[in-house]
Amino acid sequence: MLKQFVPNEICLKCDACCRFVQQNSRYAPVLLSDSFSDSTCRLSLKPHKDIFICQNFSPESNSCNIYAHRPLDCQLYPFMVTYNKEYENIVLVLDAKCPYAKVITGHPEFNYTSLPHSFVMPYQPDTIKITTIKNLGGFKALALEHKPLFNKYLNNSEYSARSFVNIYIWSDLFNILWKIIDNNLCVFYEYKNEFNMLISSPKGMHLLKPGGRIENIAEKEIKAFEGAGIKIHKNTDEYIYLAKDIAELKGNRFSSQRAAKNNFIKNNKFIYRPFVISDIDECLNLYSSWAKRKMGTHDSVYHQLIADSFSAHKKAMLDYEELGLTGRVVDIDEKIRAYTFAFEMNTDTYCVVFETADTTIKGLSQFIFSHLAQDIAKEAKYINTMDDSGLANLKKAKLSWHPHRTLTSYIGTV
Ligand code: SF4
Ligand code: SF4
């Protein structure tokens, strides 16, 4: 536990900390795992009067209910670990908004060079830089601000894995770094001791160590990589459907999905509505219950995927608006029983990035997918539901919806 920098009597009279303007604030405190390398978790905020407060904050006493065990960034404040303006360095800053900031002098002896990037806050303009903690070696750390640049380079790719949304939502689990090399966008990820390439270009291969992987190679890029001496293997298929097929569920091909959907409509009083930010906690609770049920039935790879996906679901919900997501939920008895998110990938395709439904409610999953497809069909011709992660059950489920076509991606090894 770090010593509190700001004297108690100052803090108790101040109303700045532990309160936030937005429920999905990117500045909410982060709980780190003990090892600093596993998944981290941003604390949820709850409404209070016209603002939002940390779930551990007691407004009556103006104090923290878990003070002795509060997250590291709460202990550090008014010092913060952020990116610099260019997202090329991780820096220790002093938040000039804290009234005590002007009083603090001296050089704190921090050395948190191994912090996961999920702990690092976005660039903050109103701060006083104390020191650079870590230079990112010519790479930039991925941030929401980079979405327009990624969109320009990814150029409406038909692969869902090569989209800003599908890269960004994993940035609390992996350290995602990028750089432009000879006018090619090269995106890398660090996880434990691995350093691999997420968005490929033969131009960035020299940055990988022997055994390093190049993921998401498109069919048309195979020759260029093979020419550079990279061994290429088939990875997984992405599944692409006609939005109209899923929306209408016409004909014998869709008889089982149609029956399940109709059964759901007939037997339930429900509300299908847009997702709002205040739904986050309920949606994540639904995900946790869904995950618990799934854990009993599959192998360890699937378990890891389910555990990792929690972080991606949460990240997507927190940055829902900035990412341009379309979210829908289904309420039954005033409780969220299913949610789904999609985004516009290119001019004719939407990607369905998540769908979670209470599996004890018959036909709910078929209902929400088909209903979302009705919304999408007004805007786009195709739906991409991403890949099957190499899981046989997921592949079977995706094939049962009769994809219009599949799109193979490849993986290369240095
Ligand atoms: S802003 Fe500064 S003075 Fe105010 S509560 Fe936070 S740490 Fe204390
Ligand atoms: S954990 Fe405690 S100190 Fe940190 S924001 Fe919440 S109430 Fe404030």
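Rings of Phe, Tyr and Trp count as a pair if their centres lie within 6.5 Å. Keep that in mind for this one. It is a predicted model. Ring pairs link Phe275, Tyr320, Tyr339, Phe341 and Phe354 into a cluster. The structure holds 22 aromatic pairs.

Two more pairs to look at. Tryptophan 170 and phenylalanine 174 are tilted, with 6.3 Å from centre to centre and 40° between the planes. Tryptophan 170 has 22% relative accessibility, so it counts as partly exposed. Phenylalanine 174 is at 17%, so it counts as buried. Now phenylalanine 188 and phenylalanine 195. That pair is stacked: 5.2 Å centre to centre, 0° between the planes. Phenylalanine 188 is buried, at 0% relative accessible area. Phenylalanine 195 is partly exposed, at 23%.

Next, charges over rings. Arginine 70 lies over the face of tyrosine 67, 3.9 Å from the ring centre.

On to ligand 2. Which residues are around ligand 2? They are Cys18, Pro29, Leu43, Cys54, Asn56, Phe57, Cys64, Ile66, Pro71 and Cys74. That shell divides into 9 nonpolar residues, 1 polar and no charged.

Last, a sheet. Three strands form an open, antiparallel sheet in the order β8-β9-β10. The edge strands are β8, residues 79-83, and β10, residues 127-135; each pairs on one side only. Neighbouring strands here are turned by 30° against each other on average, direction ignored. Strand β9, residues 89-95, is joined to β10 by 7 bridges. In one of the pairings, leucine 94 has isoleucine 128 of β10 as its bridge partner.

Technical notes
Residues numbered from 1 in each chain as written. Chains lettered and ligands numbered in written order. Predicted model: local features only at pLDDT ≥ 70, side-chain atom pairs only at ≥ 80, totals over all residues. Heavy atoms only, no water. Pairing = 2+ DSSP bridges. Helix = DSSP H or I, 4+ residues; strand = E, 2+ residues; numbered from the N terminus. Axes fitted to C-alpha atoms, helices over the stretch in contact; angles between N-to-C directions. Near = heavy atom within 4 Å. Nonpolar A, V, L, I, M, F, W, Y, C, P; charged D, E, K, R; others polar. Phe/Tyr/Trp six-rings, centres within 6.5 Å; stacked < 30°, edge-to-face > 60°. Buried < 20%, exposed > 50% of the residue type's maximum accessible area, 1.4 Å probe, protein only. Lys NZ or Arg CZ within 6 Å of the ring centre and 35° of its normal.
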